[in-house]
Amino acid sequence: MAQLVGGITTSHVPAIGRAIAKNLQHDPYWKPFFDGFAPVHRWLDSAKPDVLVVFYNDHGLNFFLDKMPTFSVGAAPVYTTADEGWGIPALPPFQGDQDLSWHLVNALVADEFDITTCQEMVVDHAVTLPMALLWPDQAWPVKIVPVCINTVQFPLPSARRCYALGESIGRAIASWDSNARVAVMGTGGLSHQLDGQRAGFINKDFDLHFMESLIHDPKWATQFSIHELVEKAGTQGVELLMWLATRGAMGEKVKCLHQNYHIPISNTASGLMLLEPAS
Ligand code: DHB
Ligand code: FE
């Protein structure tokens, strides 16, 4: 059976793409952010995942407001990127793992998640930039399965539901008839609000509490409604739902191998965690 080797959670701000394109990794503004990834690179070198399940939220590239699935799972042979604006160059395409995709799709539907299955899917900065942070040479050594959670058009799925989605995917990975080493990644957050009266809002206390909770009390944030999460983390800070799904996939106990928190990147609180299953 497949083995879940670890989980990574990270922010995904478009400005990171511009910084990569301009080689600003050692610039004083960017260094504390990019340096946070060095331990993740070392871990990837030894953990050597074959497949990465990526929980992310699309921002209008693949789904627009006219059709907005709550949960969708990629089942494409390849995922391309596109010019989203922001000055981010499009990155090389990602190979899909269709066998794992269909295994997840079947397992999720059997678990009563009414998902949308996407045999064609383009992926935006929420997938491409975290991939480029993990593998700066952009020669992707993993296949991916993108799992998209709607955070752009209300109503959004609850934190509790996203955690349960992650748990279902964790069970499905464990029952996948494959020798593959699988990692999970969740991208988005942490606190940020891009528009409205609270534009620029960041909540360091909440973010740090949330990160700590993922280690010792992973369901802590599931007590909050979406509106409470918006209040605490900002309108776009609800992207932390991806972190909850990732944590749900990782089983009961984890150890945290590395974390980094840096504010701000653009208008966003950037967080990073590297977790391994501990049970
Ligand atoms: C921005 C966009 C994002 O998708 C995000 O998660 C954080 C910041 C931005 O436009 O700055
Ligand atoms: Fe985002």
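This is a predicted model: local features need pLDDT of at least 70, side-chain atom pairs count only at pLDDT 80 or more; totals for chains, interfaces and linings use all residues.
A residue counts as buried when its relative accessible area is under 20%.

**Entry: Leu 275**

Next I listed the contacts of Leu 275, skipping its neighbours within four places in sequence. The list holds Gly 6, Gly 7, Arg 247, Met 250, Val 254, Lys 255 and Cys 256. I also looked up Leu 275 against Ala 15: the two are 260 residues apart in sequence, and their C-alpha atoms are 25 Å apart in space.

**Entry: nonpolar cores**

I turned to the largest nonpolar core and noted 55 residues in it. Which residues have the most contacts inside this core? They are Val 53, Phe 55, Leu 165, Ile 169, Phe 210 and Leu 244. Helix 6, residues 159-174, gives the most to the core, namely seven residues. Another core lies apart from this one; I counted in 44 residues, including Ile 16, Tyr 79, Ala 132 and Trp 135.

I then took Phe 55 by itself, leaving out residues up to four places away in sequence. Among the residues that Phe 55 touches are Val 147 and Ile 149, as well as Leu 165, Gly 166 and Ile 169. Met 242, Ala 245, Thr 246 and Ala 249 are also among the residues touched by Phe 55.

Why did I note strand 7 as largely enclosed by the rest of the structure? Six of the seven residues of this strand, residues 143-149, are buried, so the strand is largely enclosed.

I looked up the pairing next. Strand 2, residues 51-56, runs parallel to strand 7, and six bridges join the two. Tyr 56 stands opposite Cys 148 of strand 7. Strand 3, residues 71-74, runs antiparallel to strand 7, with three bridges between them. Phe 71 has Ile 149 in strand 7 as its bridge partner.

The largest pocket holds about 400 Å³ of space. It is lined by 21 residues, and I noted those closest to its centre: His 59, His 192, Leu 194, Gln 236 and Glu 239. Helix 1, residues 14-21, gives the largest share of this lining, three residues. I sorted the lining of the largest pocket into seven nonpolar, 12 polar and two charged residues.

The second largest pocket holds about 310 Å³. Of its 16 lining residues, the closest to the centre are Gly 248, Ala 249, Met 250, Gly 251 and Glu 252. Two elements, helix 6 and helix 9 (241-249), each give two or more residues to this lining. Helix 6 has the largest share of the lining of the second largest pocket, five residues. I sorted this lining into seven nonpolar, four polar and five charged residues.

Two residues came up again from earlier entries. Ala 249 is one of the residues that Phe 55 touches, and Met 250 is in contact with Leu 275.

**Entry: a cavity**

How many cavities of 30 Å³ or more does the structure hold? I noted one. The largest cavity has about 60 Å³ of space. Its lining is made up of Thr 81, Ala 82, Glu 84, Ile 88, Pro 89, Ala 90, Leu 91, Val 123, Asp 124 and Thr 128. These lining residues divide into six nonpolar, two polar and two charged.

**Entry: backbone exceptions**

Most residues other than glycine have a negative phi, and most peptide bonds are trans. I looked for departures from this.

The peptide bond from Phe 154 to Pro 155 is cis, with omega near 5 degrees. Pro 155 sits in the loop between strand 7 and helix 6. A cis bond also joins Ile 263 and Pro 264, with omega about -20 degrees. I placed Pro 264 in strand 9, residues 254-265.

Asn 23 has a positive phi, near 55 degrees. I found Asn 23 in the loop between helix 1 and helix 2. Its relative accessible area is 61%, so Asn 23 is exposed. Ser 266 has a positive phi too, near 60 degrees. Ser 266 lies in the loop between strand 9 and strand 10. I noted Ser 266 as partly exposed, with a relative accessible area of 38%.

Technical notes
Residues are numbered from 1 along each chain as its sequence is written. Chains are lettered from A and ligands numbered from 1 in the order in which they are written. Side-chain values use heavy atoms; hydrogens and water are left out. A nonpolar core is a set of buried Ala, Val, Leu, Ile, Met, Phe, Trp, Tyr and Cys residues joined through side-chain atoms within 4.5 Å. Buried means under 20% relative accessible area, exposed over 50%, partly exposed in between (1.4 Å probe, protein chains only). Helices (H or I, at least four residues) and strands (E, at least two) are DSSP runs, numbered from the N terminus. Contact means heavy atoms within 4.5 Å. Two strands pair if DSSP finds at least two bridges between them. On a 1 Å grid over the protein atoms alone, a cavity is a set of points where a 1.4 Å probe fits but cannot get out, and a pocket is an open set with protein on both sides within 12 Å along at least five of seven lines; lining residues have an atom within 4 Å of a point. Grid points are joined across faces, edges and corners, and a volume is the space filled by probe spheres set on the points. Ala, Val, Leu, Ile, Met, Phe, Trp, Tyr, Cys and Pro count as nonpolar, Asp, Glu, Lys and Arg as charged, and the others, Gly among them, as polar.
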